[in-house]
Amino acid sequence: MRSENRAQGTAAPPASRPLSNQPLEAPLWEKAWRAFLDEDYVTSLKVARQCLERIDGGTAPIALVPAPGTPTVKDGVVLCARNLFQLERFQDFEVLHASAGRFGLVPADMPELEVVGLAFACQRGEYKTVVAEATGFIDSQRHALPPVIAEYLYLRGQAWSALGDPAQARQDIEAAYALFRVLGRELDGARTANLLGVVAFREADFAEAVHWFERAHELHSRLGMLKNMGGNRLNIGIAHYKQGSLSRAVVELQAARRLLEQVGARTSLCRAAIAMGNTLRLQRDFLGARDELLAAYETANGLMLSREEALALEFLGDVYRDEGQIDKARRYYSRALAIGDSMAPDGDIVMEVLRRQGECLDLLGRQSEAVTVLSRALSLARQQGDRFEEGVIRRVLAATMLAAGDLDSARRYSVDAMVQLDEVGGRHELGIAQLLAAEINVARLESGVFGEPSGQLDEAWDDAMAALDIFLKMEVDHWILKARKALSNISRLRSDAEQARRMIVSAERMHGGTRRRAAQTPIVHVSPCMRDIIQLTDAFADSEEPVLVTGATGTGKELFARRLHHKSGRRSRELVCVNVSAIPASLFEREFFGHTRGAFSGADSDGIGLAAKADGGTLFLDEIGDLPLELQPRLLRLLQDGSYQAIGDPSERHTNLRLIAATNADLQQLVAQGKFRADLYYRLKILELRLPPITERREDILPLLRHFLSEAAGEEVELSRYFSSAALDMAQAYEWPGNVREIAMAARQAQVQLASRGTVHVELGESDGQLCCLSGPQAAGEAPRGRIVGRISASGTGRSRILLALAEANGNRAKAARALGVSRSTLYRQMEKLGVAGKANQT
């Protein structure tokens, strides 16, 4: 009879019915569960406790054997535990865990309660403990497959992700997702789909992340969970702006806001404001971005949300950086870094802010400091497996190396950045990296050190075109204009190169190749100061104003005069070069202004003169300081209105020329001494190029030496063919009073000596009281020093290269030495000399 009664659902004796199986009151349970779905965890916890208290206090109605799916005391305890986890109340959870026996429960036999404790461990960052305990449970239950095993798979996957093993994480979380779907647990399926999106996002697989976030949104929408739906849309928006789909990101973020505002989710709304602010910044709407981020910062500060506070400060710094207010940006970054460091010294916020600080240091011209900061950021990005951020850091390193004049490293980092950003689909940053790659190729072309111009221009064109395609799709005018400007510059360089080629062919036909060198001679350099001067030269080229080129003997003043002419609109007309000091004062007027037939004895025909010969073109007067004082007023008049008089001709003549003057003298001092007219001096000085001596650009010494050796040999050569490593160190330390001209002379001597006797012994002047001799070639077994662009030295660039090599080698000094092409002992000496720690991330 008792058996029949139980089968029909009648009351059973209390002693045979465990308290843990008592069913809960349905209305109260539904209220508690609904509050949990609405993420009102305080209310859910309160009502769930009421359910349990009614059972414990004996106020509940007589219970029957619960039907399948009916919530029981056990379910009520688990719901209380899950609410406490969401509220981060671990001590209250411990109390609940200890008092489970009050409800007839044994925690050790209740994995549903134990898994919440494991979730707390994951929340505390005890990831290895979580993996070990979850693995123990999964292995022991692999054949029984209780439903709770899905929870353990979820937590182990979350821990694997935090430990930097995305493959293991994906495997566990996907298994958990499949089990939750089979069990019909849509809420758990939704949070698992969201976690899969987070894992994909961390791997910078943004398309995959969007797929899972959309799946989570679909499941949450079935449950009517507006806050979670808003969170999913927020994640989708962030993934889109990471991809560079800015318009789509704005749409998603607006949708997220509408959902979150309905439930008053202030924390999530704060995050949405941060994401919207950064998206508007990327669209160059700085005013809107600043408003969003300031509001988000105030909200985060009021709610004591440290992470969101740091992110708002970080992106506010970006706004000011993009506006060119670097010092203000750095102040915001410093505040964000302080917060990030207090939360997680090796966390993602610290990594991101370090990258931004490094970029600011580069913009301020402090490249050595920038490399130190960026090396640590790169190390953290690798440690965290953040491939997107690693690609961005490499892009910033490329820009830093370009500014430092290390074009080899700049190109290597830019290529790595483009590959990495393309793989992860970070279109916005990829476009910026492609524009930078085009700029680096142009710089390599201008340096005269690397390869054929046509190939570099083709690469630059392809990179700039790819960037323009990205920015057109993103519809960001700022970047579209920058890409078009880059393409215009490359197109002009292509045109110049083609015109130079035609001029060379024409000159060779007319003069048997005697003008080939003058037309082709590059301005060989890798130093930032020379690149700045070249950029200034190109800016002056289109002006019609005279240019004064100053610098010591042998610094290349004529080369810059030729560049000014060939980059100008007068390039198709003649460049007339005159060394003023080589013309006797008695003949200067005749040579300069010309004469008529019979103007003086022996004038059997008209002489057109240099002014007429340069009509439509450019006149280059070298050593202008030697111009006779009595002729200076006539030159001034020529500059003012283009008029002059030839000897023997009373009528006024006109010419249309652009004047470039050069001198190694101090014209201002000559003016003070009455040897040079002040009015002429100030007329010439409107545009001035000051060329530095080689001692102010020592990083150019070895590239120049290699260039002149290759020119003398008629083929590309390496320095090790001619000189020992000690000789190259001596060359970099030598003062070179003759500047570039003396380097060219030493190279020609070295080529002749090597060809005639197989060894080199070039004697230069004295250095530190001793005769400086460059000898070679390199001894067998000596570390090669062939391509020395940006070689290790005591300069900031040398320190930067060591730091980067150490970062790339993960602190392995032997590997770093091999990458730098030096012996370990040389590297150790340089590290000690420059104050570089053993590992890059310790600096």
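**Notes on the predicted fold**

1. Hello! Residues are numbered from 1 along each chain as its sequence is written, and side-chain values use heavy atoms, with hydrogens and water left out.

2. Overall, the protein has 38 helices and 9 strands; these are DSSP runs (helices H or I, at least four residues; strands E, at least two), numbered from the N terminus. Of its 843 residues, 51% count as buried, where buried means under 20% relative accessible area, exposed over 50% and partly exposed in between, with a 1.4 Å probe and protein chains only. Among contacts (heavy atoms within 4.5 Å) with a separation of 6 or more, 68% join residues 24 or more positions apart.

3. The largest nonpolar core has 70 residues, and the members touching the most others are Leu 234, Tyr 241, Ile 274, Phe 388, Phe 471 and Ile 490. Such a core is a set of buried Ala, Val, Leu, Ile, Met, Phe, Trp, Tyr and Cys residues joined through side-chain atoms within 4.5 Å. Another core lies apart from it, with 63 residues that include Ala 121, Ala 150, Tyr 177 and Ala 216. Leaving aside neighbours within four places in sequence, Leu 234 is in contact with Leu 253, Ala 256, Ser 268, Arg 271, Ala 272 and Ala 275.

4. Beyond residues up to four places away in sequence, Ser 44 touches Ala 32, Ala 35, Phe 36, Leu 79 and Asn 83.

5. Now a helix pair: helix 4 (residues 73–86) and helix 5 (residues 90–98) have axes that come within 9 Å and cross at roughly 165 degrees. Helix 4 is therefore roughly antiparallel to helix 5. Val 77, Cys 80, Ala 81 and Leu 84 of helix 4 meet Asp 92, Phe 93 and Leu 96 of helix 5. The axes are lines fitted to C-alpha atoms, for helices over the stretch in contact, with angles from 0 to 180 degrees between N-to-C directions; under 35 degrees counts as roughly parallel, over 145 as roughly antiparallel, 65 to 115 as roughly perpendicular and the rest as oblique.

6. Some backbone details deserve a check. Met 304 has a positive phi, near 60 degrees, though not a glycine; this residue lies in the loop between helix 15 (286–303) and helix 16 (306–322) and is exposed at 73% relative accessibility. Glu 623 also has a positive phi, of about 55 degrees, but is buried at 17%, in the loop between strand 3 (618–622) and helix 30 (632–641).

7. Finally, the peptide bond from Gly 776 to Pro 777 is cis, with omega near 5 degrees. Pro 777 belongs to the loop between strand 9 (770–776) and helix 36 (796–808).

Terms used. Predicted model: local features only at pLDDT ≥ 70, side-chain atom pairs only at ≥ 80, totals over all residues.
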